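I opened this notebook to record what I looked up in the structure. The entries follow in the order in which I made them.

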Amino acid sequence: QVQLVESGGRLVQAGGSLRLSCAASGRTFSFYAMGWFRQAPGKEREFVAGIRWSGGRTNYADSVKGRFTISRDNAKNTVYLQMNSLKPEDTAVYYCAADQRGSGMDYWGKGTLVTVSS
């Protein structure tokens, strides 16, 4: 069984910074990649950032490129999302996800709320 637990979400002012963490436990030895998604009120869930577990190659949505950075700690089975220059439109529930076989996201966390005030 795989479990993903996000943490770090809170209220922050526009222009500020925040770092989210996602700790994975259970059968994590076969992970191919992990990523972050978000869902704002009244909107569909969207991709934010992803990272390949073995090589560290990253991918970002255009809306966060240059502001957000995804990273991982292989020894701790943890991924991070460093968010800088936050905007009110970044307000959303942020979800951590894991791709075990390289064919799509198989596991999801329960989410952590990020609120950016103006």
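Entry 1. Is Cys 22 buried or exposed? I looked up its relative accessibility and found 0%, so Cys 22 counts as buried. I note here that the model is a predicted one, and I treat every value below as computed from it.

Entry 2. I then asked how many disulfides a search of the whole structure finds. The search returned one. Its partners are Cys 22 and Cys 96, and their sulfur atoms lie 2.0 Å apart. That distance meets the cut-off, because a pair of cysteine sulfur atoms counts as a disulfide within 2.5 Å.

Entry 3. I looked up the handedness of the link between Cys 22 and Cys 96. The angle about the S-S bond is -80°, and the link is left-handed.

Entry 4. I turned to Ser 21, which lies in strand E3, residues 18-26. Its relative accessible area is 15%, and Ser 21 is buried, because the cut-off for buried is under 20%. Leaving aside residues up to four places away in sequence, I found that Ser 21 touches Val 5, Glu 6, Ser 7, Trp 36, Val 79 and Tyr 80.

Entry 5. I looked up the secondary structure of the protein and recorded zero helices and 11 strands. Read along the sequence, the pattern is β-β-β-β-β-β-β-β-β-β-β.

Entry 6. What radius of gyration does the protein have? The value is 14 Å, which agrees with the figure near 13 Å that a compact globule of 118 residues would have. The C-alpha trace spans about 40 × 25 × 25 Å along its principal axes.

Entry 7. I recorded that 42% of the 118 residues count as buried. The protein exposes about 6,400 Å², of which carbon and sulfur atoms supply 45%. Among contacts between residues at least 6 apart in sequence, 52% join residues at least 24 apart.

Entry 8. Last, I looked up the charges. There are 15 positive and 9 negative charges, and their mean positions are 6 Å apart.

Notes
Residues are numbered from 1 along each chain as its sequence is written. This is a predicted model: local features need pLDDT of at least 70, side-chain atom pairs count only at pLDDT 80 or more; totals for chains, interfaces and linings use all residues. Side-chain values use heavy atoms; hydrogens and water are left out. Helices (H or I, at least four residues) and strands (E, at least two) are DSSP runs, numbered from the N terminus. The radius of gyration is taken over C-alpha atoms; the globule rule is 2.2 Å times the number of residues to the power 0.38. Buried means under 20% relative accessible area, exposed over 50%, partly exposed in between (1.4 Å probe, protein chains only). Contact means heavy atoms within 4.5 Å. Accessible areas come from the Shrake-Rupley method with a 1.4 Å probe; for residues, only the protein chains shown count as cover. Lys and Arg count as positive and Asp and Glu as negative; His and the chain ends are not counted. The place of a charge is taken as NZ of Lys, CZ of Arg, CG of Asp or CD of Glu.
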